[in-house]
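Have the viewer open as you read.

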Amino acid sequence: MPVTNPSSESAISVTSPFQQRSLRSVWHPCTQMKSHETFPLVPIARGRGAWLYDADDNGYLDAIGSWWVNLFGHANPRINAAINDQLEKVEHVMLAGFTHEPVIALSERLKAITPGDLGHCFYASDGASATEIALKMSFHYWQLTGKPDKTQFVSLQNDYHGETLGALSVTDVAIFKQTYAPLLRPCSHVMTPDWRFADEGEPAEDYALRAADALEAHLAQHHAKTAALIIEPLIQGAMGMGMYHPVYLKRAREICDKYQVHLIADEIAVGFGRTGSMFACEQAGITPDFLCLAKGLSSGYLPISVVLTTDAVYQSFYGDTLAHTFLHSHTHTGNALACRAALAVLDIFEQDDVLAANKAKADCLNNAAAALSSHPKVSNFRNCGMIWAFEVETENLQFSQQFFQAGLKQHLLLRPLGNTVYFMPPYIITRDEIELLVNGTLQILDTVCN
Ligand SMILES: *Cc1c(COP(=O)(O)O)cnc(C)c1O
């Protein structure tokens, strides 16, 4: 077991000078900074495999893949080697007017492994930027093809697409959105297919079809003004890992085709094997008009995102005028180091037959989790590919924070979304680590629920 200091109970104390330095000059994301008067920051010194180690060498099993990005562990030798090799060649060059082998090779391979005729790759550095690119390209396409009234977007209730202003407009997560509402574009959010909201006894598939009918009713009325539907395929991550039946995606594709509305698949969180298939859309046999990828693309190593689009969209921009030009840029677009990291990730998928290996790991975790799924405080225990989630019945308003703290004492990095606990482990997690994860989670539940 790679926990080098199991006798030490918790992370470094609130008053450590190291931590004070962070609090004095770093504004941490998604955090009320005052909370760190009570809850200590965890100072990470190094990582190896599925483990992170703090300054005192306490190990933490990274059971949420460091915010859903890490697929193949920390300090992965193959990804490290690829980046080191690229460092000796060229680290970065602007992509306007220039090109390089890593960006070409990555684009060719993404084209080859994604569904349908997604023929060109447009790069950025983070997920929210990928959302912005897809929204702008869709709108611009309709401007170029004689449908200038198509200026609106629709997304699902409870969807999350990032937090820049355009991405936040199509997001439907109140805690992120409320404060900034006056800055945002209006956007319709249609009924979610998440089966947690189904009627008692209603099968997930029936509920998904009912949600698709609601989408159709919306587009029947509003299609003339609607450029695109943007959705999180199969799993709505930020609103507590809501899962839904693939039939919804199939129907959404048909409905979008019928009403001439683009389908944007935001696979930023679920792409690269999280749902069991390489891309979630494959489970419904559909090709979106835009596919947004980020997070697992570089296994979390370096910031990189990409939007793939169809040949039809690409061709509509191909012309002689400025009006036909997609004048959108991010400074680090196509960064060579990040592209090499992504190529190393794709190599690992191929060399290790990762999707097949993950099926065995998922079975292993599901078997190990019997006591968890039948725990009296646990409901809606669910699994899709390499994601698990369940709700915990609790009146404790501090549940999420207390669970996180109790997790650290069990050497686990878990960060519930409200009262939803989820696992999104790196794919390299071992059987022993799965045991540790499940048993530790049971102990945390006993601590936090009493
Ligand atoms: C994380 C995420 C984003 C935003 O990505 P950032 O890199 O954080 O900007 C967008 N959509 C989904 C589904 C995500 O999970």
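## Around the ligand

First, a bit of bookkeeping on residue classes: Ala, Val, Leu, Ile, Met, Phe, Trp, Tyr, Cys and Pro count as nonpolar, Asp, Glu, Lys and Arg as charged, and the others, Gly among them, as polar. With that sorting, the shell around the ligand comes out as five nonpolar, three polar and four charged residues. Keep in mind that this is a predicted model. The residues in the shell are Trp 68, Asp 126, Gly 127, Ala 128, Tyr 160, His 161, Gly 162, Glu 232, Asp 266, Ile 268, Ala 269 and Lys 295.

Which residues place polar atoms by the oxygen atoms of the ligand? Lys 295 brings in its side chain instead, with a polar atom 2.6 Å from a ligand oxygen. As for cover, the ligand on its own has 380 Å² of accessible area, and the protein covers 81% of that.

## Salt bridges

Now for the charged pairs. The model has 18 salt bridges. One of them joins Asp 347 to Arg 109, with the closest N and O atoms 2.8 Å apart. That pair links distant parts of the chain, since Asp 347 belongs to helix H11 (residues 336-351) and Arg 109 to helix H4 (residues 101-113), 238 residues apart. Arg 109 also forms a salt bridge with Glu 350, where the closest N and O atoms are 3.4 Å apart.

Arg 210 and Asp 199 make another salt bridge, and their closest N and O atoms are 3.5 Å apart. Arg 210 is in helix H8 (residues 204-222) and Asp 199 is in the loop between S6 and H8, so this pair ties together parts that are 11 residues apart in sequence. Arg 210 is partly exposed at 34% relative accessible area, and Asp 199 is partly exposed at 49%. There is also a network of salt bridges that links Glu 216, Lys 250, Arg 251, Glu 254 and Lys 258.

## A greasy patch outside

Where does the surface show a nonpolar patch? Look at Leu 165, Tyr 180 and Leu 183, which together have about 310 Å² of accessible area. Tyr 180 is in the loop between helix H7 (174-177) and strand S6 (188-190). With a relative accessible area of 42%, Tyr 180 is partly exposed.

Most residues other than glycine have a negative phi.

Met 241 is in the loop between strand S8 (235-236) and strand S9 (242-243). Its relative accessibility is 0%, so Met 241 counts as buried. Phe 272 is in the loop between strand S10 (262-266) and strand S11 (290-293), and Phe 272 is buried too, with a relative accessible area of 1%.

His 28 is found in the loop between helix H1 (17-25) and strand S1 (44-48). Its side chain makes a polar contact of 2.9 Å with the side chain of Ser 22. Why does His 28 count as buried? Its relative accessible area is 18%, and buried means under 20%.

Val 354 lies in helix H12 (residues 354-368). At 5% relative accessibility, Val 354 is buried. From Val 354 to Ala 342 there are 12 residues in sequence and 15 Å in space, C-alpha to C-alpha.

Methods. Residues numbered from 1 in each chain as written. Predicted model: local features only at pLDDT ≥ 70, side-chain atom pairs only at ≥ 80, totals over all residues. Heavy atoms only, no water. Patch = residues over 30% accessible without salt bridge, like charges linked within 9 Å, V, L, I, M, F, W, Y side chains within 5 Å. Areas by Shrake-Rupley, 256 points an atom, 1.4 Å probe, with all protein chains shown as cover. Salt bridge = Lys/Arg side-chain N within 4 Å of Asp/Glu carboxyl O. Helix = DSSP H or I, 4+ residues; strand = E, 2+ residues; numbered from the N terminus. Buried < 20%, exposed > 50% of the residue type's maximum accessible area, 1.4 Å probe, protein only. Near = heavy atom within 4 Å. Polar contact = N/O pair within 3.5 Å; in protein donor to acceptor, adjacent residues only side chain to side chain.
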